[in-house]
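Please read them with the coordinates open.

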Amino acid sequence: MSRAALHMWEEPCISGENGSGTVFFSGCNMGCVYCQNQDISHLGFGKTITLERLSDIYIELQNQNANNINLVTPTHYSEKIAKSIIMAKEKGLKIPVIYNTSSYEKTQAIENLNGLVDVYLPDFKYINEDIAKKYSACYNYPQIAKKAIDTMIKQVGECVFDDNGIIQKGVIVRVLVLPGQIQQAKKIIEYLYNTYKDSIYISIMSQYTPCTNLDKYPEINRKITQQEYDEVVDFAVDIGLENGFIQEGESASESFIPPFNLYGV
């Protein structure tokens with residue numbers, strides 16, 4: 001692990017005023033060349049902890065009045081995470097558990113989390129397999145992500161919020177708009193909306209920040225323009241999307257990337 005702390009910059013229904021209890025796991029099963037969290041995903045920064053300690057971290061975040069436990073990049077630890085959630089519930093964990101994933105998941109792994117995860121927060125990164133291979137070294141990403149997301153939705157159902165607007169159950173799919181990939185973002189949103197309508201929320205993200213060395217990929221070595229982002233949002237509105245989130249202001253900023261310093265671990 002690399003960090004466990006309250007995080008204020010998730011979707012409003014996740015962070016709210018109290019913050020989301022984010023737990024950042026080291027490592028990743030994808031190879032995104034533009035990863036904002038490369039220190040922990042690719043470069044190995046982190047600290048080994050026991051499942052007992054992990055379950056205690058959940059309780060500590062709950063005691064800090066976190067709205068939820070937000071498991072970031074959990075895929076490669078999903079079996080161990082399931083055990084840690086059971087342990088934490090025995091210790092009094094009551095707040096919702098969020099599984100924050102790239103969607104490059106086996107359906108069996110999602111099925112094994114049934115009854116333990118309340119909210120799924122999956123990315124849908126690519127609908128074009130060639131682009132997925134080029135930027136994330138992922139094979140069959142669109143097919144795998146579609147199956148994984150479908151399994152998540154069937155498992156937890158439609159979104160449910162408390163009186164303060166904080167999500168308690170459901171699925172929010174994130175679509176990160178990449179530079180020059182406007183049509184791909186539109187196709188992803190169209191697929192999600194046509195398939196699931198208003199049973200899910202779609203979060204259209206403008207926060208792409210080229211933090212890594214992208215000399216080999218000059219076409220994505222920039223932030224997206226406001227015009228690009230607006231075009232994607234306008235498309236979503238035009239096809240009828242109502243259950244969604246958009247980002248405003250300077251969201252494409254390194255200040256939104258938390259310091260990975262073993263805080264809370």
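How do the residues of the lining of the largest cavity divide into nonpolar, polar and charged?

1. The residues of that lining divide into 4 nonpolar, 2 polar and 1 charged, where Ala, Val, Leu, Ile, Met, Phe, Trp, Tyr, Cys and Pro count as nonpolar, Asp, Glu, Lys and Arg as charged, and the others, Gly among them, as polar. The residues concerned are Lys125, Leu176, Leu178, Gln181, Gln184, Ala185 and Ile188, and the largest share, 3 residues, comes from α8. Helices (H or I, at least four residues) and strands (E, at least two) are DSSP runs, numbered from the N terminus.

2. On the basis of the numbers: this is a predicted model, in which local features need pLDDT of at least 70 and side-chain atom pairs count only at pLDDT 80 or more, while totals for chains, interfaces and linings use all residues. Residues are numbered from 1 along each chain as its sequence is written, and side-chain values use heavy atoms, with hydrogens and water left out.

3. The largest cavity holds about 30 Å³ of space, and the count comes to 1 cavity of 30 Å³ or more. On a 1 Å grid over the protein atoms alone, a cavity is a set of points where a 1.4 Å probe fits but cannot get out, whereas a pocket is an open set with protein on both sides within 12 Å along at least five of seven lines; lining residues have an atom within 4 Å of a point. Grid points are joined across faces, edges and corners, and a volume is the space filled by probe spheres set on the points.

4. The largest pocket has a volume of about 1,000 Å³ and is lined by 47 residues, of which Gln36, Asn37, Arg174, Met205 and Gln207 lie nearest its centre. Two or more lining residues come from each of α2 (38–41), β4 (97–101), β7 (167–176), β8 (201–205) and β9 (244–246), and the largest share, 3 residues, is that of β7. By class, this lining has 23 nonpolar, 18 polar and 6 charged residues.

5. In helix α6 (residues 129–136), the buried residues (under 20% relative accessible area, with exposed over 50% and partly exposed in between, for a 1.4 Å probe and protein chains only) are Ile131, Ala132, Tyr135 and Ser136. They lie on the same side of α6 because they cover an arc of only 100 degrees around the axis, the arc being that of the directions from the helix axis to the C-beta atoms. These buried residues pack against α7 (141–156) and α8 (182–196), and just after α6, Ala137 takes a positive phi of about 55 degrees.

6. Ser203, in strand β8, is buried, with a relative accessible area of 3%. Its side chain makes a polar contact with the side chain of Glu11 at 2.7 Å; such a contact is a pair of N or O atoms within 3.5 Å, where within protein one must be able to donate a hydrogen and the other to accept it, and residues adjacent in sequence count only if both atoms are side-chain atoms.

7. Asn67, in the loop between α3 and β3 (69–72), counts as buried at 13% relative accessibility. The side chain of Asn67 reaches the backbone oxygen of Ile14 at 3.5 Å, and a polar atom of that side chain lies 2.6 Å from the backbone oxygen of Ser15.

8. Phe45, in the loop between α2 and α3 (51–63), is partly exposed, with a relative accessible area of 31%. Phe45 and Phe260 are 215 residues apart in sequence and 8.2 Å apart in space, C-alpha to C-alpha.

Terms used: Contact = heavy atoms within 4.5 Å.
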